[in-house]
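Welcome, and thanks for taking a look at this protein with me. Have the fold turning on your screen as you read, and pick out the parts as they come up.

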Amino acid sequence: MKKTIAVIGGTGKAGQFLIRQLLSEGYALRLLVRHPDKLYAQQPSLLHPSPTVSVIRGDVQDLHAVSAWLQGSDAVISTQGSALPPNFSSATANILAAMKTYHLARYIVVTGLSIDIPGDDKSEWCRQASAFMRQQYPDTIADKQQEYSLLSRSEANWTLVRIPLLEQTPGTGAVSASLRDCSAPRIRAGDLAVFLTGQLEDSTYIRKAPFVASIETP
Ligand SMILES: NC(=O)c1ccc[n+]([C@@H]2O[C@H](COP(=O)([O-])OP(=O)(O)OC[C@H]3O[C@@H](n4cnc5c(N)ncnc54)[C@H](OP(=O)(O)O)[C@@H]3O)[C@@H](O)[C@H]2O)c1
């Protein structure tokens, strides 16, 4: 039987594609959502009760909700989006704490290309894009950088997926992944969904932070 995947951010731009991809590959899901009606409007098939999809209403900032959500899961994927004040690091702190309780190891998290990690060798456009994001959204980027610090100090088998601008379009399967630089300025949400799902059975990027982008077609 396929694993049960706990997903947060399933109603967002990346998350909607991720849920469809996970379902198409036969995974069971536990979805943490603040507004179930929004989820059902986006994914009407989920309105039919299913033994393999559980919708848990709650906020990732609430440790009790996070504990209830992660119970019975085999791995966690986060495509959580921005909030003000930014709360990515506190969300990941809650998730890591609950993962420990259930002896869960695998945590796959999406973040932006502006996060810096030792070993990076960003090209000029990527450095400029990172500097722009840091200037425009200093608190958000600082909080996301803090999220990386938490992950790197944790014992979890994390993968921090660094992406450029997200396009809400289906994928083509043409994706590049690199630990040093982001190869292109966009990623299709469909391509990201396939990459994230693939990480569930792939150890290549455990405790690493690949840049992932869609390969540009002429
Ligand atoms: N979009 C881009 O171009 C882009 C570019 C680079 C990096 N990224 C990164 O990619 C990730 C996903 O981005 P996105 O654009 O898909 O995000 P998004 O569309 O803003 O989606 C946000 C998701 O997070 C959920 N969420 C937010 N706060 C929550 C909370 N406290 N508790 C539970 N759920 C919560 C939202 O649920 P509700 O439905 O309840 O609001 C929604 O499902 C983020 O880390 C983002 O920074 C995005």
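In which loop does Arg-207 lie? Arg-207 sits in the loop between α7 (189-198) and β10 (211-214). Please keep in mind that this is a predicted model.

Arg-207 has a phi near 60°, a positive value in a residue other than glycine. With a relative accessible area of 35%, Arg-207 is partly exposed. His-103 is another case of this kind, with a positive phi near 55°. You will find His-103 in the loop between α4 and β5, just after the helix α4. Is His-103 buried or exposed? Its relative accessibility is 73%, so His-103 counts as exposed, the cut-off being over 50%. Most residues other than glycine have a negative phi, and most peptide bonds are trans. A cis bond is present here too: the peptide bond from Leu-84 to Pro-85 has an omega near -5°. Pro-85 belongs to the loop between β4 and α4.

Helix α4 covers residues 88-101. Its 14 residues should span 20 Å at 1.5 Å a residue, and because its end C-alpha atoms are 20 Å apart, the two values agree. Which residues of α4 are buried? They are Phe-88, Ser-89, Ala-91, Thr-92, Asn-94, Ile-95, Leu-96, Ala-98 and Met-99. These buried residues pack against β1 (4-8), α3 (63-70), β4 (75-78), β5 (106-112) and α6 (138-153). Ala-93 also lies in α4, but with a relative accessible area of 34% Ala-93 is partly exposed. The C-alpha atoms of Ala-93 and Leu-63 are separated by 9.3 Å, although these residues are 30 apart along the chain.

**Helix α6**

Next comes α6, with 16 residues that should span 22 Å at 1.5 Å a residue; its end C-alpha atoms are 23 Å apart, which agrees. Among the buried residues of α6 are Thr-140, Ile-141, Tyr-148, Leu-150 and Leu-151, and charged names such as Asp-143, Lys-144 and Glu-147 are on the buried list as well. The buried residues of α6 pack against α4, β5, α5 and β6.

Ser-152 is part of helix α6 and is partly exposed, with a relative accessible area of 30%. Leaving aside neighbours within four places in sequence, Ser-152 is in contact with Trp-158 and Arg-207, which brings us back to the residue of the opening question. Ser-152 and Lys-208 are 56 residues apart along the chain, and their C-alpha atoms are separated by 8.8 Å.

**The nonpolar cores**

In soluble globular proteins, nonpolar side chains tend to be buried together. How many residues does the largest nonpolar core have? It has 27, and those with the most contacts inside it are Trp-69, Leu-70, Val-76, Ile-95, Met-99, Tyr-107 and Leu-160. Two or more residues each come from β1, α3, α4, β5, α6 and β6 (157-163). The largest share, five residues, is given by α4. Looking at Trp-69 and leaving aside its neighbours within four places in sequence, its contacts include Ala-6, Val-7, Ile-8, Leu-32, Val-76 and Ile-95. A second, separate core of 26 residues includes Val-7, Leu-192, Leu-196 and Val-212.

| Pocket | Volume | Lining residues by type |
|---|---|---|
| Largest pocket | about 1,200 Å³ | 19 nonpolar, 16 polar, five charged |
| Second largest pocket | about 180 Å³ | six nonpolar, two polar, three charged |

For the second largest pocket, the largest share of the lining, four residues, comes from α4. The lining of this pocket includes Leu-96, Ala-97, Met-99 and Lys-100, along with Leu-104, Arg-153 and Asn-157.

Note on methods. Residues numbered from 1 in each chain as written. Predicted model: local features only at pLDDT ≥ 70, side-chain atom pairs only at ≥ 80, totals over all residues. Heavy atoms only, no water. Expected span 1.5 Å × (residues − 1). Buried < 20%, exposed > 50% of the residue type's maximum accessible area, 1.4 Å probe, protein only. Contact = heavy atoms within 4.5 Å. Core = buried A, V, L, I, M, F, W, Y, C linked by side-chain atoms within 4.5 Å. 1 Å grid on protein atoms, 1.4 Å probe; cavity = no way out; pocket = protein on both sides within 12 Å on 5 of 7 lines; lining within 4 Å. Points joined across faces, edges and corners; volume = space filled by probe spheres on them.
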